[in-house]
Amino acid sequence: MEILVCVKRVPDSAENEIEMNAEGNDIERDDLVFSVNEWDNYAVEEAIQIVDNVGGTVTVVTVGDDESDEVLRREMAMGAAKGILLTDDAFEGSDCKGVATILKGCVDKGNYDLIFTGAQADEGAGAVGGMLAAMMDYPYASLVNKIEAGDGKLTIGREIEGGNQEMNEIDLPCVLSIQTGINEPRYVGIRGIRQVSGVEIPELGAADLGLDAAAVGEAGAKVKKVDYFVPESGDGAEMLEGSNDQIIEKLIEILKANGGLQ
Amino acid sequence: MADRFMSMRNLKFTLHEVIGASPEGSGHTRKSMDMVLDAAFDFAKKALHPLYEEMDRHPPELIDGTVSVHKEMRSILTTLGKDGWISAIFPEEWGGDNMPPSLLHAVCFIFASANYSASVYSGLTMGAANLILTFGSDELKRTFVPTMLEGKWQGTMALTEPEAGTSLGDLTTAAAPQEDGTYRITGEKIFISAGDHDAVDNVVHLLLARIEGAPAGVKGISLFVVPKLRPNDGALRPNDVTVTQIFHKMGYRGAPITALSFGEKGDCTGYLVGEANRGLSYMFHMMNDARLEVGMGATAIATAAYHAALDYTRNRRQGRRLTDGSGAPPIPIIEHQDVKRMLLFQRAVSEGALSLILQCSRYEALSHTAPDEEKADYHLLLELLTPVAKTFPAEMGILSTSASIQCFGGYGYCEDFPVEQHFRDMRIHAIHEGTTGIQGMDLLGRKVVMKNGKALLLLSREIDKTIKRVQDYPALQAMAQALSEAKETLSTTTMTLGGVAKEKGPEAFLANATLYLELFGHVTIAWQWLLQMGVVSEKLAGQNVRKADLAFYNGKLDVGRYYFGYELPKIGALSIALAQPALTLEIEAACFTD
């Protein structure tokens, strides 16, 4: 099975204090600590496990700048065999459709049976996987939390509203967006890092992918962010203070007083 | 940002920008070093830190002769083995990475700040494997090391006995030669860290014992591998090693400390490591590393406590500024001057100590990789600074974690917050791997006087280099001058004590060695702060300083100013005390009547 996993370098919310930029239309990104999108780790782990069971290769790809190779190396240190960096000044400012277009260029150059994305990334749209599938005319399933590989098809589980679960069969090739919890991603160790630290990662730009630069990046974006802000806190919040036991006691009192507990 | 236990930004700043840890010859680049640090942090955050409190509240138990530890320890050790963390410092032929010492210490810092108890198991195995690989026979290496490095067998250092702790020359564990070249071991050891537990399949003790007929004292001590289960025809058989007790400790409770009995049934086999009667010198070969590791453990705990205190003081609102009216809203307590002072103190201790230990690890690397004519000098610097790098964080860390508790007020004294545990976990560091008293005597009685005081001269030159490096920055000149004077104070005090040694002998010379070590610590940490401030000033003088870096760098300058303003002046009192004849020589033990 040839599996392509699309990954993204995102701000690490545990390591940053998020601030707005001077224009007020985005967060200040220059000063952030970045890491790989958490959902993508699960996707890479799932791909590695499938390949361990049925054979094949895991390739990781990202759209980003020259610093984005660090997330590719990280995922390769986990066990992905190859990495591809899609980078070009023309890609900057791409909306989800633009990113999907760039990824399609990469998919077209390979021979992948299965394509994974994380269920969502830092911007929360969760749209790239679906758009990529549509552009490729591949079947697509979102929020996948279980995969069993079969002959020419997969049996997949999806997380449904209300904690319910559904099972589907899906033909290959297909695109799946992977939900956290599908597995327990392995840790990156010294041995993995040693294997990938000197590996050359191929970089492909718009021309390499046969893309019209005007169709991607800011020029091609049909969705433009016009504002970005932290909502003001509403009234009525009460911070409970004290020891854990005192806080729990007060919380129970409040819940009882307001009908939350009988 | 809650639950933060260390700052990766500060670690990378210290490692790359201050120490300039050279990965030369190690196959590492700055990028690969950062990958290692990030991977260590990920493991620490997800696997070690969540168990921090739980391992303290559910300490190891001795059940049916076996020590039961937290059930996650097996999976932690297996991962550390499988992913190459335990073998990291060793050559590739042993599955290692030739990891440079500075990077190893940085990784240990990350693990220990997340969960000190959980971090020590693999460190002990690494140290024991290092002894076997350095001094053991090929057969010993093949038999024990691979499985230890896989995290399946635990390594220990079995030195201390009921009547031989600091004074190892008094040890009585005996080794009787057998016809097959092995030894029959009998004796008791106490305070053996990770001496037995159920997260591994075997325990390999690196044990000091006296071969029958060997000279008395330290010259008759040999080193043995003594496994709990001895390999025999492909199977593991009991080796007559019994756990007689586990100690119930004040802190650092997640790792078992055991008392062990060897050869109660006369069936305990030991395998000699290297040559007979050289055991103590083999152990001392590893001592610098072990002591730096203790210093790093203390630094890591102080760091974690500081971050807990920082988070709390930013969010806890209480009281008003003295100039505010009574109707003003309460302010975050970090705004109160005394709280700010305590936070500055904690940062000054932990970040200063981190810098000193990484500086030592740089000297360690250079003692192997520098041009031949310089190697010995770097080794001398490492020798000189090791007792300081062990003791400063261990002793000041007690005060620093105490200040962390103070930041929380009454809550800090309760189990609801982590700082009381940090305080308890900290206390051992001034005791294990040589108490502070021993470190003081090692510094003054051995390290300062070795090679006619050459090490101190070399340190003086290193400090002068830093003073020179900052000469273009006017804002640092007063501190550079203060460091220069502090160095002079250290030199004068050393000369004075040298005179005491000549006139009154070693007892008088070393009577106040602990105070001398304290003074020495303040001078070297001030040096590390001036170095950090110099690096920061160079960065700020450059172009395009990022906004986040600006805040970080300015913070560094502030903490450095605090160190010079509030901590370094303490050497004045110490130097006065050290210039006087030691009172303890006059005061008889008989005076302690009530």
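Predicted model: local features only at pLDDT ≥ 70, side-chain atom pairs only at ≥ 80, totals over all residues.

Student: Interface first. How much area do chain B and chain A bury between them?

Tutor: About 2600 Å². Carbon and sulfur atoms carry 50% of it.

Student: Why quote an area at all?

Tutor: Because the size of an interface is often given as the accessible area lost when the parts come together.

Student: How many residues does each chain put in?

Tutor: Chain B gives 33 residues and chain A gives 29 residues.

Student: And how many salt bridges cross the interface of chain B and chain A?

Tutor: Four by the rule. One pairs Arg194(A) with Asp97(B), where the closest N and O atoms are 3.6 Å apart. Polar contacts between chain B and chain A come to nine residue pairs, both residues at pLDDT 80 or more.

Student: Which elements of chain B give two or more residues to the side that touches chain A?

Tutor: Helix H2 (30-48), helix H4 (72-82) and helix H18 (547-567) of chain B. H2(B) gives the most, with eleven residues.

Student: What's the make-up of that side of chain B, nonpolar, polar or charged?

Tutor: It divides into 13 nonpolar, seven polar and 13 charged residues.

Student: Now charge pairs. How many salt bridges over all chains?

Tutor: The structure holds 51.

Student: Where do Arg57(B) and Glu415(B) sit?

Tutor: Arg57(B) is in helix H3 (residues 52-57) of chain B. Glu415(B) is in the loop between helix H11 (372-408) and helix H12 (419-426) of chain B. The two are 358 residues apart, so the pair links distant parts of the chain. They form a salt bridge, with the closest N and O atoms 3.7 Å apart.

Student: What about Glu351(B) and Arg347(B), how far apart are their closest N and O atoms?

Tutor: 2.8 Å, in a salt bridge. Both lie in helix H10 (residues 337-369) of chain B. They are four residues apart, so about one helical turn separates them.

Student: Why do Glu351(B) and Arg347(B) count as buried?

Tutor: Because the cut-off for buried is under 20% relative accessible area. Glu351(B) has 8% relative accessibility, and Arg347(B) has 16%.

Student: Back to H18. Which salt bridge there involves Arg561(B)?

Tutor: Its side chain meets that of Asp558(B), at 2.9 Å, N to O. Both residues lie in helix H18 of chain B, three residues apart, about one turn of the helix. Arg561(B) is exposed, at 52% relative accessibility. Asp558(B) is partly exposed, at 38%.

Student: Which residues do salt bridges with shared partners join into one network?

Tutor: Glu53(B), Asp56(B), Arg57(B), Glu415(B), Glu420(B) and Arg424(B).

Student: Last topic, Leu206(B). Where is it found?

Tutor: In strand S6 (residues 202-211) of chain B. Leu206(B) is buried, with a relative accessible area of 0%.

Student: What is Leu206(B) in contact with, leaving aside neighbours within four places in sequence?

Tutor: Its contacts include Ala128(B), Leu131(B), Ile132(B), Phe224(B), Val225(B) and Met283(B).

Terms used
Residues numbered from 1 in each chain as written. Chains lettered and ligands numbered in written order. Heavy atoms only, no water. Buried < 20%, exposed > 50% of the residue type's maximum accessible area, 1.4 Å probe, protein only. Contact = heavy atoms within 4.5 Å. Buried area = accessible area lost by both parts, 1.4 Å probe. Polar contact = N/O pair within 3.5 Å; in protein donor to acceptor, adjacent residues only side chain to side chain. Nonpolar A, V, L, I, M, F, W, Y, C, P; charged D, E, K, R; others polar.
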